[in-house]
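Have a look at the structure first, then read on.

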Amino acid sequence: MKILPVIALVVCTGCQANLFYSDEPKPALEQLTDAFRSYFERAKNRTSQLGQEINQYTTNLKEKMNPLPKDLMTKITEGADMLKERIEVEVSTVRCALKPYLEYVTSPLEKGAEYIRESLDFEDLKATVLQKSEELRESLEQGMKELQDKLDPST
């Protein structure tokens, strides 16, 4: 009879059985991960429910408001078309009324511009500009040489 408790003790210690815990305790990181996952799942379910409620609300609102936009859009487009036609008629009337005044104002300006174009000789103007720019370049080169001579006394 003494052998039976010894055998039971050997079997229990040999297989490393733990009679008090059916599972090993989880590390703190694993517990934290499990808590985060369960929180995330609850939040995901809640947002899904909110999304369904919002979709249902918008569907109900669209059904209630559906006839209004169609009637309103037809009225707006009809009004816009009528307004467009009236504006086109008015603009053409104003254009016809202003045409003589426009010609009266622009003809002297066109004549003056043509006179200026004919009186200016662009070749002479171009030659003068080139000559003055060459003189300016030579003057700048001479000034640079003098400045370099003043700054560098060893040469």
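## Salt bridges

R137 and E141 pair up through their side chains in a salt bridge, with N to O at 2.7 Å (the term asks for a side-chain nitrogen of Lys or Arg within 4 Å of a carboxyl oxygen of Asp or Glu). Both residues sit in helix α4, four residues apart, which is about one turn of the helix. Shared partners link E134, R137 and E141 into one network of salt bridges. The other contact joins R137 to E134, where the closest N and O atoms are 2.3 Å apart; these two also lie in α4, three residues apart. The structure holds two salt bridges.

How exposed are the partners? R137 is partly exposed at 40% relative accessible area, E141 is partly exposed at 39%, and E134 is partly exposed at 32%. (Buried means under 20% relative accessible area, exposed over 50%, and partly exposed in between, using a 1.4 Å probe and protein chains only.)

## Ground rules and confidence

This is a predicted model, so local features need pLDDT of at least 70 and side-chain atom pairs count only at pLDDT 80 or more, while totals for chains, interfaces and linings use all residues. Residues are numbered from 1 along each chain as its sequence is written, and side-chain values use heavy atoms, with hydrogens and water left out.

Mean pLDDT (the predictor's confidence in each residue, from 0 to 100) is 80 for the protein, and 83% of the residues score at least 70. Where pLDDT is low, the predicted coordinates should not be read in detail.

## Fold and surface

The protein has four helices and zero strands, with helices (H or I, at least four residues) and strands (E, at least two) taken as DSSP runs numbered from the N terminus. Buried residues make up 0% of the 155 residues. The accessible surface is about 15,400 Å², with 63% belonging to carbon and sulfur atoms (Shrake-Rupley method, 1.4 Å probe; for residues, only the protein chains shown count as cover).

Y115, I116, L120, F122, L125 and V129 make a nonpolar surface patch of about 640 Å². Patch residues have over 30% relative accessible area and no salt bridge; nonpolar side chains (Val, Leu, Ile, Met, Phe, Trp, Tyr) are joined within 5 Å, like charges within 9 Å. Helix α4 gives the most to the nonpolar patch, three residues. Y115 is in α3 and counts as exposed at 58% relative accessibility.
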